[in-house]
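User: Please examine one part of the model shown below closely, in a single connected account. State each cut-off where its term comes in.

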Amino acid sequence: MKLRTILTSAALSVGMALSAGAALAHGKGMMTMPGNGQTVGADTKVMHLMFTDPMQITTVTMAAPDGKTYKINGPAANQAVKTWEGKLPKLAPGSYKIDWRGMSPDGHPMNGSFAFKVAN
Amino acid sequence: MGGVLAALEPVQIASILVKAGMYVSVLLAAGSVINLWLLTELDAPASRRLRRLAAWSAFVGIVFSALNIPLRAAFFYGGFGGALDPMMLQVALFSPLGLSVEAEILGLLGIATIALNRGWTRPVAVLGVILVAISFALRGHATEDPRLALATLFVIHILAASFWIGGFYPLYDMARRGNEAAWRTVERFGQAALVMVGLLVVAGVVILVILAGDPIAVLTQPWGQFLMLKLAVVALLLGLAGLNKLRLTPALAETGNAGPLRASIRWEVAAFLVILLVTATFTSTVAPEHVG
């Protein structure tokens with residue numbers, strides 16, 4: 001009983017370590033445009049999410065300085081793309097935050113966010 | 001760890017609870033069938049109760065498993081409103097998770113037939129167990145390369161874990177008899193466990209090496225707090241198992257008094273539930289950009 005329990009416990013711990021180690025790898029290799037913390041002009045019309053592998057982007061929203069949250073439209077959620085281009089609404093000076101959600105090629109749900117500023 | 005938990009969205013909390021419920025019910029359903037097959041000393045009433053447990057666990061597992069789809073759609077959408085959004089549901093259904101859930105439900109239906117106790121139901125239930133185990137290999141990291149090796153290892157891992165969880169009830173049920181059949185059942189489980197747990201640990205270690213590369217390095221990641229919490233509960237399980245082996249099982253054989261052993265099994269079940277809840281939380285929140 002004791003040996004069995006020791007081995008089981010070790011295996012469960014290993015399984016948990018495994019899940020986390022591999023999970024963290026999903027956050028690598030992604031870029032955005034505008035970049036996080038970047039200041040852009042008010043004439044910026046589009047945003048991009050760029051991945052090393054094709055991703056299905058399901059929802060992108062933008063929190064604007066006027067307190068409103070805008071849905072950003074781009075490629076359909078059932079299309080896997082390496083570069084997702086979304087059309088931005090007319091930008092006023094201030095701070096913006098983009099939140100996105102999607103699914104990686106191996107089916108993992110993903111999300112992330114980044115912020116940028118629009119210059120006066 | 002506290003920060004991660006505090007930042008959980010309602011959809012994520014619901015997903016964690018459903019995942020934990022799915023772990024418990026699906027592994028219990030599969031494990032009950034495995035133990036029906038392995039524990040040949042079970043008497044008729046115990047066997048009947050274990051078949052019922054397998055069937056009920058399977059039905060509950062179907063509900064939890066199916067709930068994964070609308071909850072995944074809700075995450076994709078950014079709120080519970082997405083649970084009924086056709087596009088989000090389509091993405092979830094046609095994802096590896098969708099395929100996995102479909103296989104899992106089919107397997108659980110096969111397991112549920114065990115309640116009928118006909119000649120054909122046991123092989124159907126065993127096929128259901130295999131399908132359930134395969135369903136875990138259809139999603140997540142099991143789908144990465146080398147896929148065949150990882151899928152095989154995950155199937156072994158799930159089957160062995162199911163055996164472990166599915167053993168609690170028949171041991172608890174039989175122990176109260178306090179007779180020779182009860183003692184032989186405990187012994188039989190222990191013998192089978194040596195093989196099954198060996199497979200469990202070997203599969204786990206090989207999967208870790210394949211996916212993580214450096215098992216020591218991964219221990220330095222932030223999720224180490226969750227790991228430590230889980231290990232603390234595992235330590236409790238170890239203590240209970242030691243107590244069972246050194247004191248309570250010999251007492252059962254000598255005096256026929258199963259009370260202390262059954263109490264210990266109840267605590268083991270509680271510890272296992274905590275482990276599965278921690279695991280469900282851990283695998284759902286380990287990184288900001290990874291919530292499943």
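This is a predicted model: local features need pLDDT of at least 70, side-chain atom pairs count only at pLDDT 80 or more; totals for chains, interfaces and linings use all residues.

Analyst: Residues are numbered from 1 along each chain as its sequence is written, while chains are lettered from A and ligands numbered from 1 in the order in which they are written.

Helices here are DSSP runs of H or I with at least four residues, strands are runs of E with at least two, and both are numbered from the N terminus. After α3(B) comes B:G78, with a positive phi near 100°.

An unreviewed UniProt entry annotates residues 52–71 of chain B, among other stretches, as "transmembrane region". UniProt positions follow the numbering used here, feature names are shortened, and annotations may be inferred rather than shown by experiment. Over residues 52–71 of chain B the chain is 100% helix and 0% strand, with end C-alpha atoms 29 Å apart. Residues 20–40, also listed in that entry, are 90% helix and 0% strand, and their end C-alpha atoms are 30 Å apart.

α3(B) packs against helix α4 (residues 86–93) of chain B: their axes come within 8 Å and cross at roughly 120°. Axes are lines fitted to C-alpha atoms, for helices over the stretch in contact, and angles run from 0 to 180 degrees between N-to-C directions. α3(B) is therefore oblique to α4(B), since angles under 35 degrees count as roughly parallel, over 145 as roughly antiparallel, 65 to 115 as roughly perpendicular and the rest as oblique. Residues of α3(B) in this contact include B:I69, B:P70 and B:F76, and those of α4(B) include B:M88, B:L89 and B:L93; contact requires C-beta atoms, placed from the backbone, within 7 Å.

B:G110 is buried, with 22 other C-beta atoms within 10 Å; buried means 20 or more, exposed 12 or fewer, and partly exposed in between, with C-beta atoms placed from the backbone. The C-alpha atoms of B:G110 and B:V124, 14 residues apart along the chain, are separated by 5.5 Å. Beyond four places in sequence, B:G110 touches B:V124, B:A125, B:L127, B:G128 and B:L131.

B:N117 is found in the loop between α5 and α6 of chain B, and it counts as exposed, with 12 C-beta neighbours inside 10 Å. Its phi is positive, near 55°. Most residues other than glycine have a negative phi.

Helices α6 (residues 121–136) and α7 (residues 147–166) of chain B pack at about 125°, their axes 8 Å apart. α6(B) and α7(B) are therefore oblique, and their crossing is right-handed. B:A133, B:I134 and B:F136 of α6(B) meet B:F154, B:V155, B:I158 and B:L159 of α7(B).

Note on methods:
Two residues are in contact if their C-beta atoms, placed from the backbone, lie within 7 Å. A crossing is left-handed if the near helix is turned anticlockwise from the far one by less than a right angle, and right-handed if clockwise.
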